[in-house]
Amino acid sequence: MQEKNALAMEYLDDRERIADFVNVVYFHGKQVVKASDVQEADSVQYRVRKENREVRAGQAARDKVRKVVLGMQCVWIGIEHLSSVHSAMPLRVMGYDVGSYERQAKRLRREHRRKSDLSGKEYISGLAVTDRLWPTLTSVLYMGEEPWTGPRDLHGMLEWGGELAHLREYVPNYKLHIIEAGTYLEWEKFSTDLRLLFGYLHHRGSEEQMRRYLEEYGKEYENLQEDLYDLLGSISHADYLLEAKEKNRTEQGGINMCKALQEWVEHERREGMEQGIEQGEERINTLYMNLLRDSRGEDLQRAIEDKAYRGQLCREYGLKAAAGIVGVHSNSLNRWN
């Protein structure tokens, strides 16, 4: 899980991709943000509390946070990657966002102290009535294979039984903005290779869907950037894809994932054939031993000569058929899909 998260964050450490993500996720494909509008930001949030002459400090690291400039304004964009359901995610994201607002407020207070320009009630709060904070938006980018089943807001984490149900409308809620990559419908609006990442995740649930998808987009996977190739290899649980990376580098400096995939499927097919033969021989030998043990000589002779009758006897003794070439091939594709 840590490997997937590290690879995902490395992949998203790119201004073009962040701008593309913001334009599609928040502006539905409208080209509002350019790569030059995306600025670096500290992903570590520090919390310092001073009580009774004691200083207590802590910190929390976000997966990815960037400052995005929108003309004379700006917004803080956070992206949290998950490959499995996190049941406390609303609380975690709320803490991150509150930390972002606290950091902004702290800077404003420091500036007011430097200028000594506040008095009265404003002096007590440390903020002027006209002070404003920039919005913080956090998306949870979920790349798990199963649908998201965790809570989607703070209310989903709270107990509402009995009389508590009457209090629900008074308890402030905090909603998650979850991007389930596997079901995200606007994936074709991405202009960077995010379209290839989301397209793959969108079609991996069905071998037939993936086959049709690769027929249309396969050419674009013939020269992938290395960070996307690594991420897809990790998501696919395909060690062979990562092992085959070097020999499938292209002249343009990318990696031909289609070729690596074909080699992987052929490798799995050969292993499946060998395994199927061994399992088949073991199954037949077990059947023959059972027939001899039960003094079923006539059935043994017929089983040797009649394949269909041999299968019938295997089922009678509860001997499952070997996976066979077709079965192994399908499983291989399912792991890729």
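Helices (H or I, at least four residues) and strands (E, at least two) are DSSP runs, numbered from the N terminus. This is a predicted model in which local features need pLDDT of at least 70 and side-chain atom pairs count only at pLDDT 80 or more, while totals for chains, interfaces and linings use all residues. Residues are numbered from 1 along each chain as its sequence is written, and side-chain values use heavy atoms, with hydrogens and water left out.

Start with helix H3 (residues 89-115), where Arg113 is found. Arg113 counts as exposed at 59% relative accessibility (buried means under 20% relative accessible area, exposed over 50%, partly exposed in between; 1.4 Å probe, protein chains only).

Next, select Asp13 and Lys64, whose side chains meet in a salt bridge at 3.8 Å, N to O (a side-chain nitrogen of Lys or Arg within 4 Å of a carboxyl oxygen of Asp or Glu). Asp13 lies in the loop between helix H1 (2-11) and helix H2 (15-25) and Lys64 in strand E4 (residues 64-70), so the pair ties together parts that are 51 residues apart in sequence. Asp13 is partly exposed, at 45%, and Lys64 is buried, at 9%.

Move to Glu222 and Lys219, a salt bridge with its closest N and O atoms 3.9 Å apart. Here Glu222 is partly exposed, at 29%, whereas Lys219 is exposed, at 66%.

Then select Glu226, Asp230, Lys245, Glu246 and Arg249, which a network of salt bridges links. The whole structure holds 24 salt bridges.

Finish at helix H11 (residues 307-316), whose buried residues are Tyr309, Arg310, Gly311, Leu313 and Cys314. Just after H11, Gly318 has a positive phi of about 70 degrees.
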